[in-house]
Amino acid sequence: MPSGVSLAFVSLHLYDTSTRTVREFVPVEPGRVSMYLCGATVQAPPHIGHIRSGVNFDVLRRWLMRQGYDVTFCRNVTDLDDKIIRVAAQEDVPWFVVSERNQRAFTWAYDQLGCLPPTVEPRAMGHVPEMVELMRRLIDKGHAYASGGDVYFDVVSYADRYGKLSNQKLENMRAAADTDTDSLKHDPRDFAMWKGAKPGEPTWPTPWGRGRPGWHLECSAMATKYLGGTFDIHGGGVDLIFPHHENEIAQSQAAGDGFARYWLHNGMLKLGGEKMSKSLGNSLLIPDMLRKVRAVELRYYLVAAHYRSAIDYSDEALQEAAAGYRRIEGFVTRAAEVIHDVDAAAPLPQAFVDAMEDDLNVSQALAVVHEVVREGNVALAQGNKEQVARLLAETQNMLDVLGLDPRSPQWRTTGDSGLREVVDALVAVALEQRQAARARKDYAAADAIRDQLAAAGIVVEDTPQGPRWELAQ
């Protein structure tokens with residue numbers, strides 16, 4: 001395998017949903033990338049389907065940073081909508097209690113799975129003034145209208161472009177079905193940007209009456225506030241293409257903004273062939289998943305498939321992914337005992353670069369990682385320290401791009417890493433006792449300690465550098 005390449009001569013290509021083609025990525029501003037990700041609607045704590053999106057776009061962000069881009073990453077929070085209001089009513093608490101509780105759960109989950117914090121994480125209800133201004137612009141241009149306290153986007157006024165993202169024609173679309181006040185609409189396909197006040201619901205003042213935002217309005221307002229009228233990448237799950245992202249484009253471009261130049265969508269995570277959903281009772285919450293595998297292993301599972309592909313979850317596939325990661329981790333751990341200074345600036349293997357530049361083909365990139373690991377294990381067995389040093393540097397640099405480097409401080413601060421440190425300390429005590437028994441030639445006691453560790457799922461390997469351990473696979 002070639003030793004590496006300079007990233008100055010490669011070119012990232014991404015699948016753009018709006019054109020349904022793989023396009024070369026050229027940012028609006030050289031050297032800078034602006035990226036918006038539709039984040040959580042926080043009516044409930046996150047399951048792995050929610051967090052997959054965050055992890056996938058975290059890999060994109062890390063790759064852009066590796067290329068030398070200054071990345072501004074905006075990930076919003078929808079802290080009020082119909083679902084949140086319903087949950088709050090069921091629990092007899094204010095809406096913000098539900099939002100705050102679940103927002104903290106999402107933040108914890110993103111942190112646990114190694115996602116870099118966003119540059120900015122705006123909450124929708126903190127941006128009502130920007131939403132009011134956007135509605136005013138649209139009304140002035142004849143693309144929106146107020147009716148009975150609501151404000152609607154007039155899709156017929158935008159008919160020549162509405163439906164381009166989702167590849168639909170306006171005449172084939174059904175009613176928006178986003179309010180119970182369709183009688184107020186000029187056309188049943190018009191969607192609500194503002195919903196007039198209702199008893200028991202939170203409201204804000206506007207020139208057209210008190211009320212609260214519709215779902216689509218908020219992202220248009222927040223994206224342009226933090227990234228400008230035209231920005232580089234807009235991301236989210238494939239389930240958001242219509243109506244959410246279609247409506248964002250309509251609002252923003254009809255108002256005169258260029259909005260996003262590239263649209264990226266990650267595939268769904270399914271269980272038994274069905275979309276993961278709390279309403280179906282088939283969601284897998286993050287704390288439950290972290291009782292099955294370590295957080296870094298769960299991240300590996302979520303990034304191993306191509307981001308645009310669907311994943312049909314199974315415990316067997318999760319455990320296979322965890323075992324695959326542990327094989328990589330084992331090489332890094334063993335090599336680091338021999339090589340203490342890793343070259344963080346070492347070039348990446350060409351095959352890895354090619355995979356990442358080809359629409360973030362992480363599954364192929366991980367195949368390169370495993371190939372390098374196999375070469376590294378051979379070099380370790382042969383005692384070729386120069387070869388081990390090169391391959392360890394390549395492996396860790398590739399894993400850093402994917403957020404999977406086992407020696408990264410990230411995995412030393414999350415909950416499962418803290419547990420690993422406790423186990424490491426306890427095993428160290430047992431190994432010291434075993435070494436002491438061997439020193440006094442009490443081999444029966446030494447073997448007994450080793451057998452007890454094996455029974456607990458801990459495999460001990462004696463090496464020239466001393467005993468080392470790992471969890472049984």
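Reply: A salt bridge here is a side-chain nitrogen of Lys or Arg within 4 Å of a carboxyl oxygen of Asp or Glu. By this rule the count comes to 27 salt bridges. The model is predicted, and local features need pLDDT of at least 70, side-chain atom pairs count only at pLDDT 80 or more, while totals for chains, interfaces and linings use all residues. Residues are numbered from 1 along each chain as its sequence is written, and side-chain values use heavy atoms, with hydrogens and water left out.

Helices (H or I, at least four residues) and strands (E, at least two) are DSSP runs, numbered from the N terminus. Buried means under 20% relative accessible area, exposed means over 50%, and partly exposed is in between (1.4 Å probe, protein chains only).

One of the salt bridges joins arginine 32 to aspartate 70, with 2.7 Å between the closest N and O atoms. Because arginine 32 belongs to strand E3 (residues 32-37) and aspartate 70 to strand E4 (residues 70-75), this pair ties together parts that are 38 residues apart in sequence. Arginine 32 is partly exposed at 41% relative accessibility, and aspartate 70 is also partly exposed, at 40%.

Another salt bridge is formed by lysine 198 and aspartate 180, whose closest N and O atoms are 3.2 Å apart. Lysine 198 sits in the loop between strand E7 (191-196) and strand E8 (211-213), and aspartate 180 in the loop between strand E6 (150-153) and E7, so parts 18 residues apart in sequence are tied together. Lysine 198 counts as partly exposed at 37%, whereas aspartate 180 is exposed at 62%.

Elsewhere, salt bridges with shared partners join Asp82, Lys195, Glu201 and Arg212 into one network.

Helix H12 (residues 385-402) has 18 residues and spans 26 Å from its first C-alpha to its last, close to the 26 Å expected at 1.5 Å a residue; the expected span is 1.5 Å times one less than the number of residues. The buried residues of H12 include Val388, Leu391, Leu392, Thr395, Met398, Leu399 and Leu402. An α-helix has 3.6 residues a turn, so residues three or four places apart point the same way. The buried residues of H12 are covered by parts that include helix H1 (48-66), H8, H9, helix H10 (350-357) and helix H11 (362-382). Just after H12, glycine 403 takes a positive phi of about 70°.

Positive phi values also turn up away from glycine. Alanine 177 has one of about 55° and is located in the loop between E6 and E7, where alanine 177 is exposed at 64%. Lysine 441 has a positive phi of about 65°; its place is the loop between helix H14 (415-439) and helix H15 (443-455), and lysine 441 is exposed at 63%. A further backbone feature is the cis peptide bond between phenylalanine 242 and proline 243, with omega about 10°. Proline 243 is part of helix H6 (residues 241-255).

Serine 99, in helix H3 (residues 95-112), is buried, with a relative accessible area of 2%. Apart from neighbours within four places in sequence, serine 99 is in contact (heavy atoms within 4.5 Å) with Val42, Asp79, Leu80 and Ile84. Serine 99 and valine 77 are 22 residues apart in sequence and 9.2 Å apart in space, C-alpha to C-alpha.
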